[in-house]
Amino acid sequence: MNIPLIKAAIKKAKMSPFYAKHFESIESEDINSVEDFKSLPFTEKEDLRAAYPLGLGAVSEEAIVRIHSSSGTTGTPVIIPYTRKDVEDWTVMFCRCYETAGLTRKDRIHITPGYGLWTAGIGFQLGAELLGAMAIPMGPGNTDKQIKMMMDMRSTVLCATSSYALLLAEEIERRGVKDKICLNKAIIGSERWGEKMRHRIAQELGVELYDIYGLTEIYGPGIGISCPYNCGMHIWTDYLYYEIVNPRTGETVNPGDSGELVITTLLKEGAPLIRYRTHDLTRELLGPCPCNSPFPRIDSIIGRSDDMVKVKGAIIYPCRVDECLATIPDVSSEYQIQIDHLNGKDILNLLFETPIEDKQIRKNVEKIVEQTFKETVGITPHPIAVSIGELPRSEKKSTRIFDNRY
Ligand code: ZN
């Protein structure tokens, strides 16, 4: 940990109305060790909401050149102000992401994330322009136009969410135009996505995949990316300091153990954040990467700390359940977990969909689900097979785990 940099970051943060209050009794001069730093309170997304609209601003309003906002699907949005230097720093980090993925100025970068208050699209654009590549600022939607431009402009790199990349891949396949597509790489936003989906996108588009990481509160996408060795994401620690903590206790986990990613901005001016809880679950990958990058790595995001539950001493992450069910024939991707407490014992009911209607065959499928779940997730579930379409569907992220114990 670079103590002078941390001190400066705390000092800067305290210029904002939010941190002036949050760190009221804390002086940057008193932070002289990692232990001192770990005694600082976390910053939560709720805190940022409460600072709406510009309570996070740590500079005079004239110094703010732009704002972005995280999606306000639940309650008040969060507004993040940026200075000119923040925008430049973000651009440099994004360009570094492209370089790490092996892009050059010869590339034509097809950008499908949205532009606007949300940070995604414009970050991809700025990084492309700094690299000197050709940005094709599509934004989302209009699949016809996406595919036409992709063919006519000979796009070489696709930037997209995993679900949109899959949709485009399927559409390209369906139209039989794969030989007119020049893509060789895809840079995919860091939402959680299973190996099955990954494989399909890579296969159908014929591309190498890179995972890019970021969140609006901390610049936006582009604060880290996987390299050609595809073993975790390098994080730009010259701009950020990160910790992995136990999401329940807030204590630092042992090196290499899974936990929640907590980020401190080292150089941000507009809205510095100290010990910001991302709620993204990951782990640090220890040791050097074969690519020789000096930047440390975190594993791909395995879920959100808000989604995980502990049952009979085992921690259950939705992604592990996805992975487990994906390996079993005659089981759809839809499932629901109901955790109950009966007669002093925790019980995990696992409802899953199957096209099988025959009662006896269903019993066999349940048996296989029970065994596979026990082997991969670590505890024995009570499996309940239901017909396709019986479990609720949602256009947004659906809730799959219900904890009825408390
Ligand atoms: Zn690497």
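How many disulfides are there by the rule that pairs cysteine sulfur atoms within 2.5 Å? The count comes to 0.

Before you start clicking: this is a predicted model, where local features need pLDDT of at least 70 and side-chain atom pairs count only at pLDDT 80 or more, while totals for chains, interfaces and linings use all residues. Residues are numbered from 1 along each chain as its sequence is written, and side-chain values use heavy atoms, with hydrogens and water left out.

**Stop one: the zinc ion**

You'll get Cys-227 (SG), His-234 (NE2), Cys-289 (SG) and Cys-291 (SG), lying 2.1 to 2.3 Å from the ion. Along the sequence, these donor residues are spaced C-x6-H-x54-C-x1-C.

Now check the angles: the 4 donor atoms subtend 100 to 114° around the zinc ion, so the arrangement is tetrahedral (four donors with all angles between 85 and 135 degrees). For reference, the ideal angle for four tetrahedral donors is 109.5 degrees.

Next, colour by relative accessible area (buried is under 20%, exposed over 50%, partly exposed in between; 1.4 Å probe, protein chains only). Cys-227 is buried at 1%, and His-234 is buried at 0%. Cys-291, at 26%, counts as partly exposed.

**Stop two: the cavity**

Searching the whole structure turns up 1 cavity of 30 Å³ or more (on a 1 Å grid over the protein atoms alone, a set of points where a 1.4 Å probe fits but cannot get out; lining residues have an atom within 4 Å of a point). Select Tyr-213, Ile-223, Ile-235, Leu-240, Tyr-242, Leu-261 and Ile-263 to see the lining of the largest cavity. E10 and strand E11 (258-265) are the elements giving two or more residues to that lining (strands are DSSP runs of at least two residues, numbered from the N terminus). The lining divides into 7 nonpolar, no polar and no charged residues (nonpolar: Ala, Val, Leu, Ile, Met, Phe, Trp, Tyr, Cys and Pro; charged: Asp, Glu, Lys and Arg; polar: the others).

**Stop three: the second largest pocket**

A pocket is an open set of points with protein on both sides within 12 Å along at least five of seven lines. Of the 18 residues lining this one, Tyr-241, Tyr-242, Glu-243, Ile-244 and Glu-284 lie nearest its centre. Highlight strand E10 (residues 240-245), which gives the most to the lining, with 5 residues.

Key: Disulfide = S-S within 2.5 Å. Donors = N, O, S within 2.8 Å, 3.2 Å for Na, K, Ca; no water. Tetrahedral: all angles 85-135°; square planar, octahedral: opposite > 155°, others 65-115°. Helix = DSSP H or I, 4+ residues; strand = E, 2+ residues; numbered from the N terminus. Points joined across faces, edges and corners; volume = space filled by probe spheres on them.
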